Structures are given as C-alpha cells and as structure tokens.
Amino acid sequence: MTMWDAAMGQALVVARTAAAHGDVPVGAVVLAPNGTPLATAGNERELTGDPTAHAEVVALRRAAASLGTWHLDDYTLVVTLEPCTMCAGAAVLARIGRLVFGAYDPKGGAVASLFDVVRDPRLNHRPEVTGGVRADECAQVLRDFFANHPAASRS
C-alpha cells in the first residue's frame, strides 16, 4: 500500500460514476495540501457534450472555483489514467504540485508513455509525478467498460 491508495480509491469511485452515464470511466480527485479532497470529477464528455470535459480538467476547474484561484501549487491531482496531452498541459498550467496516476496509457499518455509533458524542462512548472498507483485495478475498470461499450471513444 502506498500513501496514495485511498485517494486513488476515491478516484475509482468517481470513474465508475462516469461509466454509469456512458462516459469512459476515468476519475480524478484534487487533494488539498493536508490531503483533504477538495474536488472530484469523472469524465463528462458524453454527459455535457464538451470535448474538453476530461476528469482532470473538470476536477481542476472545480478546485480552482472552490479556492477562487487557479494557482494550485501545493495541491495534488490524483487520476485513474495517465493524463493525455491536454490534461497534462492543464496540470502544468494550474501549477499543480503533484500528479498521481493509476494506469499507464500507451496510446495517449502524456506523462510517461508517449510524452512527458509535465516534466519537460522547457516549461516553467514541473510537478512531482507518481505513476502506477493501483494500476491493475484502474486498468480493469477501463477494460470492463470497453468490453461492454466497444464503440465508445477513448477519454
């Protein structure tokens, strides 16, 4: 067990909620510096018709709205799937302090698999990264979804 297991468990609950309304089951939680959950979100692209409504972006928006600032320097973003390029960029732009993810995404991951957007030395902010937290469980939620929704698009 790692210190991120409980937070990833929360993200998995949110991911399963997204699947219930037809969205790819990815969940995200933004943790305050003391570890308290500040905001949660699952994918909402199908729910809202918004192509940018990935779990990470929605959770970051909710956290910023709750705080009244987009500066999330000491906050942690926990997400069930390695972020895509858009979401990795959003984490950098939000100045997130730490990024924790579950399953690696060899087809779209922009934190370790295809790119490493968040640790690119040319950018002005680089969060700490921890990958692979409860990776098998996170990946299984996605496999189960796609087995039942073969035409669903990837988050």
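Me: What pattern does the protein chain follow, read along the sequence?
Reply: This is a predicted model. The protein chain holds 5 helices and 5 strands. Read along the sequence, their order is α-β-β-α-α-β-α-β-β-α.

Me: Why does the protein chain count as being as compact as a globular protein of its length?
Reply: For 155 residues the globule rule gives 15 Å, and the chain comes close to that, so it is as compact as a globular protein of that length. Along its principal axes the C-alpha trace spans about 40 × 35 × 30 Å. The radius of gyration itself is 14 Å.

Me: What percentage of the residues of the protein chain count as buried?
Reply: A residue is buried when its relative accessible area is under 20%. The protein chain exposes about 7300 Å², and carbon and sulfur atoms supply 55% of that area. Of the 155 residues, the share that counts as buried is 51%.

Me: How far apart do the centres of the positive and negative side chains lie?
Reply: The protein chain has 13 positive and 16 negative side chains.

Me: How many residues of strand S3 are buried?
Reply: Strand S3 covers residues 76–81. Its residues are buried to such an extent that the strand is largely enclosed by the rest of the structure. The count is 6 of the 6.

Me: Which strand runs parallel to S3, and which runs antiparallel?
Reply: Strand S1 (residues 27–31) is joined to S3 by 4 bridges, and these two run antiparallel. In that pairing, alanine 28 stands opposite valine 79 of S3. On the S4 pairing, leucine 77 stands opposite leucine 99.
Reply: Helix H4 spans residues 85–93, and its buried residues are Cys87, Ala88, Gly89, Ala91 and Val92.

Me: Which residue follows H4 with a positive phi?
Reply: The phi of this residue is near 60 degrees. The residue that follows H4 is arginine 95.

Conventions: Residues are numbered from 1 along each chain as its sequence is written. This is a predicted model: local features need pLDDT of at least 70, side-chain atom pairs count only at pLDDT 80 or more; totals for chains, interfaces and linings use all residues. Side-chain values use heavy atoms; hydrogens and water are left out. The radius of gyration is taken over C-alpha atoms; the globule rule is 2.2 Å times the number of residues to the power 0.38. Buried means under 20% relative accessible area, exposed over 50%, partly exposed in between (1.4 Å probe, protein chains only). Accessible areas come from the Shrake-Rupley method with a 1.4 Å probe; for residues, only the protein chains shown count as cover. Lys and Arg count as positive and Asp and Glu as negative; His and the chain ends are not counted. The place of a charge is taken as NZ of Lys, CZ of Arg, CG of Asp or CD of Glu. Two strands pair if DSSP finds at least two bridges between them.
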